[in-house]
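The following note was prepared for a colleague who has the model open alongside the text.

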Amino acid sequence: MELKSYQRKVIENLQSYLEYVEKYQNLPKAFNQYWEDKIGAYNPLDGTGMEPYKNNVPNAAHICIKVPTAGGKTFIAVNALHTIFSAFNPHHPKVVIWLVPWSNLLQQTVNALSNPEHPYRQKLNALFNHRVQVYQKEDLLQGANFNPSVVKEQLSIVVMSYASLKTKINSDNQDANNEELVKKINKNDRKVYQENGQLESFVAHYKNDRHLLSNIDPTALINVFRYFNPVVVLDESHNAESDLSVDMLKNLNPSLILDLTATPKNNSNIVSFVPAIELKKENMVKLPVIVYNSYDKTEVINNALHLQRKLESLAKNQEANGGKYIRPIVLFQAEPKTKDDNTTFEKVKEQLLKLGIPEQQIKIKTASIDELKGINLMSKNCEVRYIITINALKEGWDCPFAYILASLADKSSRVDVEQILGRVLRQPYVQKHQNYQLNLSYVLTASVRFNETLQSIVKGLQESGFSEKDYRKIDTMPEEAKTIETEKAFQSVLFPEQNEPTKTETVNESEEIDLTRISFNPNEEENTHSATEEENEVLKTIDAISKEQAEQMEFQIKQLEKEPINENIEEMGDRVKRYKIVNSKKEAIKDVSIPQFFIQTKGSDLFGTSEVLLNRESLLKDFKLSTEDIKIDFEKISAELYKVDLEQITNEDYRPSFTKIEENSIKDDVIKYIFSQPKDKQIKDITHQIVNIIGNMYPIADQEIKKYISRVLDAMEDEQLRDVIARKESYKKIFKHKIGQLASNYAEVLFNDMLKSKRIYTKSQWVFSKEIVPKDISSNIANSLYEKEGSMNNFEEKVAMEIGTSENILFWHRNLDKGNGKGFFINGFKSRYYPDFIMKTKSGKIILIEAKGDYLDGSDSEAKCRLGTEWERQAGQDFVYMMIFENKPIKGAYTLEKAKELIKGM
């Protein structure tokens, strides 16, 4: 299982932030500068920019990743652990306290991280060389396979619930009454704070007692945690905002806290956003939500039954044509039992049974009844198609087969679906299905207060990390019915004594389900069922809007290829300062569309096209690094290596510290152990260490990198292997450079071959954005396209001044790079190359300019020049590429004076 593109961006953002921490050695400074470099400095007057770092838990880097529901938070966290520990001192214990808010989520997490067959555990094993152990609180209290030696050699993940640690004891409290407070904690959870002889072996390793909680025994599990200075993963962190929750985190004495949530609170330090559109693009979610408002709850049930059968019929046809098994499920949301005539879960089940639906297809899940326990809803052997709940599925429950949420609230009641809306959003198998109806989710209601219902749906979407743009409504309840029901409700409030119903009125006016109006035979197949005209119209209406929305979604995703979003700018909205196109230049860009490279594909999408925007990853999909040459020049290796650690400044204060490691200390601690093993084990261990610090080199698989580095190490003498261990960081840079060079060479050869065979070609598609978001702005130079342009160095300003303001130039624009927004990039054998300028001449020529001054970055500049020149050749006569040096151009480039002369004649 590999990271999705947006998940890779998250890991890259995390790694970038940790590099800022390493550079500044100050958590607030690192965070603030990280965001200033992305979107500009924070301005408290207008609220633009990212708010400064909130020091919620002193001495710990406390950061947050915003990921919508179904975005794969757990898998992101699994990969993030590798990035985090790669930045730490290698001797820092790899201990993780993984906290979750609910017991069912705790068990799901334990199962996923423990099961050798689960993709999450397989990834952990690959990242940490199969040295991984997952514990629950009970395991540690009993000392099961948990001691200083074991912890030193492995990644130890302790999965616990928030409740296990929440207490009013806090590390700053020196009150002698701590012992009394411990007695008030739940008996089972209290053991975390009590003396435990099973953990006595850790006490001998304490360097001092500064980490100990006051009046808590040194052998207590909480003090062992504190000794580790652990990394804390806080799942669904929006549930941990109370003072008690913050104290819980302080008690753990963490080195880093990673918040995972779809809805960060105001005190979160967000380092990465995942926009909802990215989940749609990767087929993670069934969006948009189609909301259908019927006349009453009888219609809701009828429509739900027929829609489920329609979806299941489509799913069966899809499976028969080679697709995967899907059994669409309806979630019936019953009402709480607050009055006798409410449609409670018992009544719903009773009515479904009366319709002839087999009991094994119906399950109840409430706070007190759990008929889903032990059932695998994804199994082909499972018959469940209907789940009745109130709000028991509101958190920590996921089944991608859940397609329809049917609310059975009374017409005049407030329909509150926000708590469980997220349960129908996850897409089966994370792939787009042949039938567009199977790529959406559905909410069925019967409410005279439909606008309030929609607000509940919007809130539910927001709680899941989405927005009001992600639903579409169909309202079929007549307005006169709404008026009558509203007046009735109004009268009952004003004159309750005049509205006491008689027994007859209660029967006539109640919203009891009328089975005689439900024409549903569970034994009929959809294609043989003769539905009424009314039922056909309902399904046709839902089907029509579903098709329309599926087409719009395809179009929206295609637009992303033209204008890739910047996740930070997309999510921060008005907090980012934006600059528009100058009014006098709007006409000049109206018909401008700049070519990019496309590649033919075998598949096709909804519109029948068979091409996609070329990316470097597609050129490297068959690249076998492990078979490439291993000739590497190690002569220029630096003798310095740095580590990340927490340096104690005072008794209470720590700061991130990056300390030079002397070679001798590594030899003493590590080399003797490694070289006491057989040669193949030596190579395996050293390879793992190098791959760990190299990090992600997508799309090159980790396994390919391992094989390649193992080949290089296997050819080394013992003395050089010792040097590799002693100076891993320096060797890492050489390895990364070599691997990148080999990949680029392979990609360029294949790119040229595919151009020759016409499998790669250019197509005009990129257009200028209506507004841009430069992180910094440049000095005002006339004739620019936007109100303000992005910052430039001295030579770039000279190019803008001397070429951009010349008589035959219609406008110039400082092209934004990938970190700042929707800039133009040349796609090819290099990964998204962003030239510095886009200019347009009065004759209609579009000129791309790369300004290099008199410095160059070796082969990278040469490769960019080759790609730009090829782009010009393929794009056509109206497009020009130039790489410009002040005086000393490389092959294919120009001096500034020569460029001015050539452009003057265009």
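**Notes on the predicted model**

1. Helix H2 (residues 27-39) lies across strand E1 (61-66) and E7, and it runs at about 35° to E7. Helix H4 (residues 103-114) also packs on the sheet, where it touches E2, E3, strand E4 (155-161) and E5. The direction of H4 makes about 165° with that of E4. The model discussed here is a predicted one.

2. The sheet concerned is open and has 7 strands, in the order E3-E4-E2-E5-E6-E1-E7, with parallel pairing. Strand E3 (132-136) and strand E7 (270-273) stand at its edges; each has a single partner strand, so one side of each is left without a neighbour in the sheet. On average, neighbouring strands of this sheet are turned by 20° against each other, direction ignored. Within the sheet, strand E2 (residues 95-100) and strand E5 (residues 231-235) run parallel and are joined by 4 bridges. Val96 has Val231 of E5 as its bridge partner.

3. An open sheet in the order E10-E11-E9-E12-E13-E8-E14 is likewise formed by 7 strands, and its pairing is parallel. Its edges are strand E10 (362-365) and strand E14 (471-475), each with a single partner strand, so one side of each is left without a neighbour in the sheet. From one strand to the next, the twist averages 20°. Strand E9 (residues 329-333) pairs with strand E11 (residues 386-389) in the parallel sense over 4 bridges, and the bridge partner of Gln333 in E11 is Thr389.

4. Helix H14 (residues 297-320) packs on this sheet and touches E8, E9, E11, strand E12 (402-407) and strand E13 (441-445). The direction of H14 makes about 170° with that of E12. Helix H16 (residues 450-463) lies across E8, E13 and E14, running at about 160° to E14.

5. How many cavities of 30 Å³ or more does a search of the whole structure find? The search finds 4. The largest cavity holds about 100 Å³ of space and is lined by 13 residues. Asn56, His62, Glu241, Asp259 and Asn267 are the lining residues that lie nearest its centre. By class, the lining has 6 nonpolar, 5 polar and 2 charged residues. E1 and helix H12 (243-251) each supply at least two residues of this lining.

6. Most residues other than glycine have a negative phi, and most peptide bonds are trans. Gln25, in the loop between helix H1 (5-24) and H2, has a positive phi near 55°. Its relative accessibility is 31%, so Gln25 counts as partly exposed. Asn215, in the loop between helix H10 (200-203) and helix H11 (221-228), has a positive phi near 65°. At 38% relative accessibility, Asn215 counts as partly exposed. The peptide bond from Leu287 to Pro288 is cis, with omega near 0°; Pro288 lies in the loop between helix H13 (276-281) and strand E8 (289-293).

7. Finally, the chain as a whole. The protein chain has 30 helices and 26 strands. Of its 906 residues, 54% are buried. Among the contacts in the chain with a separation of 6 or more, 74% are accounted for by residues 24 or more positions apart.

Terms used. Residues numbered from 1 in each chain as written. Predicted model: local features only at pLDDT ≥ 70, side-chain atom pairs only at ≥ 80, totals over all residues. Heavy atoms only, no water. Pairing = 2+ DSSP bridges. Axes fitted to C-alpha atoms, helices over the stretch in contact; angles between N-to-C directions. Contact = heavy atoms within 4.5 Å. 1 Å grid on protein atoms, 1.4 Å probe; cavity = no way out; pocket = protein on both sides within 12 Å on 5 of 7 lines; lining within 4 Å. Points joined across faces, edges and corners; volume = space filled by probe spheres on them. Nonpolar A, V, L, I, M, F, W, Y, C, P; charged D, E, K, R; others polar. Buried < 20%, exposed > 50% of the residue type's maximum accessible area, 1.4 Å probe, protein only.
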